[in-house]
Every structure is written in structure tokens, then in C-alpha cells.
Amino acid sequence: MPIVAQSTETTDWVSRFADEVIEESERRAPGKPVVVASGLSPSGPIHLGNLREVMTPHLVADEIRRRGHQVRHLISWDDYDRYRKVPAGVPGVDETWAEHIGKPLTSVPAPKGSPYPNWAEHFKAAMVGSLAELGVEFDGISQTEQYTSGVYREQILHAMRHRADIDAILAQYRTKKAPAKKQQQKPVDEAELEAAEGSGAAAEDDGSSGSAGYFPYKPYCGNCEKDLTTVTSYDDDSTELTYSCTSCGFSETVRLNEFNRGKLVWKVDWPMRWAYEGVIFEPSGVDHSSPGSSFQVGGQIVGIFGGKQPIGPMYAFVGISGMAKMSSSKGGVPTPADALKIMEPQLLRWLYARRRPNQSFKVAFDQEIQRLYDEWDRLEAKVADGSVLPADAAAHSRAVRTASGELPRTPRPLPYRTLASVADITAGHEDQALRILSDLDPANPLTSLDEARPRYDKAEAWINTHVPADQRTIVRDEPDTELLKSLDEQARESLRLLLDGLADNWSLDGLTHLVYGVPKVQAGFSPDATPKELPAEIKTAQRTFFALLYQLLVGRDTGPRLPTLLLAVGQERVRTLLGE
């Protein structure tokens, strides 16, 4: 199938990779669907760093689909990897799970109370739900099913026959590792999530190397199910393999041509799958791209299986504000499901689409989310009026729709910071929230909160789960009579000017004009005067006026945007609290 000519609208990193992948697929497998791949290890919560392992090929695959090509996005669930450690902070898990270390993830019990049959399925389920919400289409492959059903039997036997060749490649990179340096915890605003483990980069060795020689295969013990085994002999002709378990002392002899309880070690398993599945494109984390890493070594080993290394861009870390560097096998790490509780799928897709894979970025769970939403809304406005730049238009298009259609969106996408303020002030009272939101634009009032959903629900979830209690807004029940009595004449006049204008300016735009205008009028200027027409002292007067209003309304110097706060409190209560 020929490459579709590029338009200026799609000259972004996704399109450039799509060009390269289509061309390479035609060269390797003409007439067949293009294959892109991701790998995820459900060893614990699958976090937002791991999501880049999926979103990078997804975006490329979706661009290829948009051009009319057939494409398969494979997600290999590395659920046959060994259980390495007990993650901290996972609900329903205690120290007794340590007895399962060394077993396949699908042989480890799920956390207590989980409806899923095992550890791997428990952590896969949340990711599958998030990918559906994000519009990611994929073909899931369970490596437990592949290995235990014998799908890879010929590949395993082939690897064992060529174990000397594999060992020679790996030997080029085997060096003594220097002791790891103790790292200081990074500041909150530099926090990163390791993206590497999503590619199946379990901390495995590269094979068994003992008195019987090197073997790229690890059996799981027939007695204790753990992979703490050593191959002690193997015969290529009969495929008889003998192993012993260092954990429980069990040993046995099996025929590898009919034995399905073991797997190739990681550095051999990954390139084997590239060849078996015909993968054209698969990204990898930073640690896979250094000399001697899995991706680099795999590029040599894949030839033993008759395949070629995929196009594999390195992707950088994804940062999370307010969290120290973590790996996916630890609890308490923000997952895609956590992000989707506080932001719409379009925004999360956009964060991954607008940055090249080798560029790091942050997903905001703090106040920064409001700025991100402001930036997103400005982009939407530029798309609507045609003033958007081509690369930004492409990123926006990839965020809001896939080749299958547009993602569900909020009918009335009101500003996120406004919705968050309203949710904060109303504390779950939907009738009050609707009243306030309807006053934002009296000429086109909101008739139901459903018009503002799901964005309203996301903003409410953010307020309830990520804003500290001491930063929440609690409106005074009674006027601060002591403060009101202490005001000088200028402060009293500012309150009178505000109260006199409330009725005629009771909308978001009207109140914005009013609260910024009061200090201008007091200084003898028009309320419509622009900052260029005003002396610097006006800004100081405005800040003083705003602090007074916050003190009288919520008892502190700052709070939600004043126009939103005034609408939330309501005219009658505002008049009472301001001492009318």
C-alpha cells in the first residue's frame, strides 16, 4: 500500500514515525498489517510512566490507521515474569506475600478483597479500563498463556540449540557493575516515574551459567513454582533437561519439547518476540537504550531467531508533581486511572501527543492542573477560530479523536479552575453548584450539571482528593464585625462601590469588571482603563482590596477567583458578610 502524501497539518513527530514505520513494514512484510508493540508488566500498579510505553505506539498506530492501512497494536502482558518483591502501600497486601517471591505473577494471589483470580489480573484490570477510556485499541497477549500453551516451544528449542551464540553476544556486555551510589531524594518538583519496567524489564539475569554451561531458559520449579532453578544438563537431540531448585531442593528431568513451565530469560525473550510477532515499531525506556541494555543486545540476538530489530525510539521519564522517584512495583504511585479521575481523557492524551518521545514532561496533580487546562482551552479556541499552528493542530486532533471517531467530550467545557472553585465552595451540593454555574453567563445559562460533565466531576474529584484541607474554601457564617468596625473610610468606600454594583454586574464577566474596577474608580480613573493607562499603585490597591474581600468572605488573604467566589456565596449573603 503506498504512503499517503503528508499535509502540512500533520508534520509532527507522530507523522514522521508513521512514514518510517509504513515504509519499513512494506520492506519487511509487504501486504501484511503493520505491527507495533508495547510491553507491560503487571508486577504492581501500572503507572503513568508505563503509559508512555503504550501511548507512543498507539499514536503512531492511529496515524497509520487514519491513512487507511491495517495495523495491529500488540500489548504483551508480561504476566509470566517472576514476582520480585512485595510492593509497599498496596491495599490488601501484607508481608505474607513474600512467600510467593520467585513465582510467576499469575501464580501469586491477588490482594485481599480483589475480585480477580491472581496478582497479574488484578493490576491488568485497572490499566485495561483506563486504556478503554483513552480510546486505545490493542490486541492483548498474555505471556503466561503463550508459554504455558506451548506457543513458543520451537523458539525455546531454537534458543537452546543456539545457546553458545547467544552467550557470545551477551558476553560482550558482561562487566562488573560498580556499587550503586546512594541517591538523594529529588525535590517534589523534579519527581520522576521510572518508565522502564513497563517494557518487561524485570531485574532478571541473562541466563543460567553454571558447571553445565550457559542456558537462556529458566524452568519454574515443579514443586514450589519458583524460578530459583539452575539447569544442570541438557541434551539437544532428546531435549532432556535436568534442573534443580535452590529454594526447595526439588530436582527433575523433563523433555523440553513437551514441557511448558518455564520461560526464556528477558534479554532473549524480548528479541524472540520481535521475530515471532514481526514487530516493526516498539519504543523503549531510557535504561533500555544504553550500551549492553535489553534493546541494544536484543538487536543482535533477534537475528538468531531470523528477525530484525524494530524501529525503537527511546522515551524519556514522565514526571509527577509532588512525588519522589518510584518504580511500578511500589504502591502509592499515580496510575492512569488516578489521572483520569481528575482530568478528561483528551487532556491526558494531549500531554503524551504534544511532546516527542525523548522529551520528558510532567502530569500535574497539584495546582498546575488548572494552568494546563487553561492552556488546553486556549488551544481549543485557536482550533475553533483557525489561528492554530499546524503542529499544535495535529496534537489537538490526536487528543480529541482516534481513527475510530471522536472521544466523548463535555458539552459545555467551562474553565476547570472555575469548576474547581465551585465544587470547593459548594462541598457536594449540586443544586448550589448549578445555581452558581448558571449565573456565569445569564444570557446562556446552564440548565443541568450534565452539560458541564464530565469536566465538573473531574474538577470536583481533584478538589476532594488533591487539595489539602487547610487550602479548602469555607465561607464565613457570620460577618467579621471586628474587622468591619476597624476599617478606614477608604476601605468602607471600596465596599460600598462593590455593593452598589452587584445587582447590575451579577455574571462572571460583570463581576470581574466590577472587582478590578473599584480601585480604579477610587483613584479617579475609569473602570475601563487599561493597565497601560494606570499608575503602578493601582495594582497595589487592587491587591489590598482583594485581600480585604477574602478576609471578610472566607477569613484568609487568598482564595478562589473573586468573581467565582462572589457568585458562589450569592448576592444576599455577600451583602450580609460585607456589612451592608
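Buried denotes a relative accessible area under 20%, exposed over 50%, and partly exposed the range in between (1.4 Å probe, protein chains only). In this predicted model, local features need pLDDT of at least 70 and side-chain atom pairs count only at pLDDT 80 or more, whereas totals for chains, interfaces and linings use all residues. Residues are numbered from 1 along each chain as its sequence is written, and side-chain values use heavy atoms, with hydrogens and water left out.

**Figure 1. Overall composition of the protein.** Of the 580 residues, 52% count as buried. The protein contains 21 helices and 17 strands, these being DSSP runs numbered from the N terminus (helices H or I, at least four residues; strands E, at least two). With contact meaning heavy atoms within 4.5 Å, 71% of the contacts between residues at least 6 apart in sequence join residues at least 24 apart. The protein exposes about 25,500 Å², of which carbon and sulfur atoms supply 50%; accessible areas come from the Shrake-Rupley method with a 1.4 Å probe, and for residues only the protein chains shown count as cover.

Figure 2. Two strands pair if DSSP finds at least two bridges between them. Strand S8 (residues 229-234) runs antiparallel to strand S9 (residues 240-245), and five bridges join them. Threonine 229 has cysteine 245 in S9 as its bridge partner. Five residues lie between the strands of this S8 and S9 hairpin, in which threonine 239 takes a positive phi near 65°. S9 is in turn joined by five bridges to strand S10 (residues 251-255), again in an antiparallel arrangement. Here threonine 242 stands opposite threonine 253 in S10. The hairpin of S9 and S10 also has five residues between its strands, and glycine 249 in the turn has a positive phi of about 85°.

Figure 3. On a 1 Å grid over the protein atoms alone, a cavity is a set of points where a 1.4 Å probe fits but cannot get out, and lining residues have an atom within 4 Å of a point. Residues lining the largest cavity include Glu344, Tyr373, Trp376, Arg409 and Arg455. Helix H10 (345-353) and helix H11 (368-385) are the elements that give two or more residues to this lining, and H11 gives the most, with three. By class, the lining has five nonpolar, two polar and four charged residues, where Ala, Val, Leu, Ile, Met, Phe, Trp, Tyr, Cys and Pro count as nonpolar, Asp, Glu, Lys and Arg as charged, and the others, Gly among them, as polar.

**Figure 4. Surroundings of arginine 82.** Arginine 82 is found in the loop between strand S2 (71-77) and helix H3 (119-133). Arginine 82 counts as buried because its relative accessible area is 17%. Beyond its neighbours within four places in sequence, arginine 82 is in contact with residues including Lys103, Tyr220 and Asp227.

Notes. 1 Å grid on protein atoms, 1.4 Å probe; cavity = no way out; pocket = protein on both sides within 12 Å on 5 of 7 lines; lining within 4 Å.
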